[in-house]
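Colleague: I'm new to reading protein models. Could you walk me through this one?

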Amino acid sequence: MPDRESRHRLPAPLIATLVGVGVYAVAVFWSSRHLPPMALALAALPFVWFAAVYAKNGLTSQAPAAVRFLKCLPLLTLTLTLFLAWQPLLNNVHLLYLAQHVGVHAALFWLFARTLLPGRTPLCTELAAWVHEDMTSPRLLGYTRQVTQAWTLFFGLTVVLSVLLFRYATPETWTAFSAVVGPLMTGVVFLVENLLRNHVLPPQDRVGLAGTWRAVRARIEDQAQPQQRAP
């Protein structure tokens, strides 16, 4: 069992992830002003990465050959598009960043919002169940629902603000918002929620960032084991 100090220490993979996001944001902001080809490559990177992961999962599965090919198709299509349309995309790199930024935050908005519909479990309540063995506390249930509502509102407002700035502000202003200000705002909201949790919830209902990270990792690994054992 980890000691008290290790339970509160941020895991190295989490720190590396946060540093990577920060480096990516700075690189996007700098390259958009000084090196457009690099800006386009960075804009395409998340799409290529997700497509590559999707293709890898398809190739390593036991699905029929046609299904595995279909899972590789997004990566092949994206690669071909970048090769054939590099110059037009380079001339409109901000549109690619807009699609990336709005698309990601719109997906996050829907991911949280749909769990607030009648008869569904709020997303933050579901995530809390991964960490807490006892989910009978009315205060914990109410708090996690409110946090789900707060994140839904945040991501929705981010989408609206991103579109308005892209339409009416300068490209430099929108880039600063999407690459620097937006991630900082997300981090601030996350930290404020963690601090607020300490004042709203009793000690037995609190789990720090390190504990949450370890619980989520354990949950994901536990869900992946049956798939690894499958023939």
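Modeller: Buried means under 20% relative accessible area, exposed over 50%, and partly exposed in between (1.4 Å probe, protein chains only). This is a predicted model, where local features need pLDDT of at least 70 and side-chain atom pairs count only at pLDDT 80 or more, while totals for chains, interfaces and linings use all residues. Residues are numbered from 1 along each chain as its sequence is written, and side-chain values use heavy atoms, leaving out hydrogens and water.

Colleague: Which residues touch the most other members of the largest nonpolar core?

Modeller: In general, nonpolar side chains tend to be buried together in soluble globular proteins. Here the largest core has 17 residues, and V28, L40, L42, Y97 and W174 touch the most other members. Two or more residues come from each of α2 (12–34), α3 (36–59), α6 (93–113), α8 and α9 (171–200). These are helices, DSSP runs of H or I with at least four residues, numbered from the N terminus. Helix α6 gives the most, with five residues.

Colleague: What is L42 in contact with, leaving aside its neighbours within four places in sequence?

Modeller: Contact means heavy atoms within 4.5 Å. For L42 the partners are Y24, A27, V28, S31, Y97 and Q100.

Colleague: Is L157 buried or exposed?

Modeller: L157 counts as exposed because its relative accessibility is 51%. You'll find L157 in helix α8, which covers residues 138–168. L157 and A106 are 51 residues apart in sequence, and 9.8 Å apart in space, C-alpha to C-alpha.

Note on methods
A nonpolar core is a set of buried Ala, Val, Leu, Ile, Met, Phe, Trp, Tyr and Cys residues joined through side-chain atoms within 4.5 Å.
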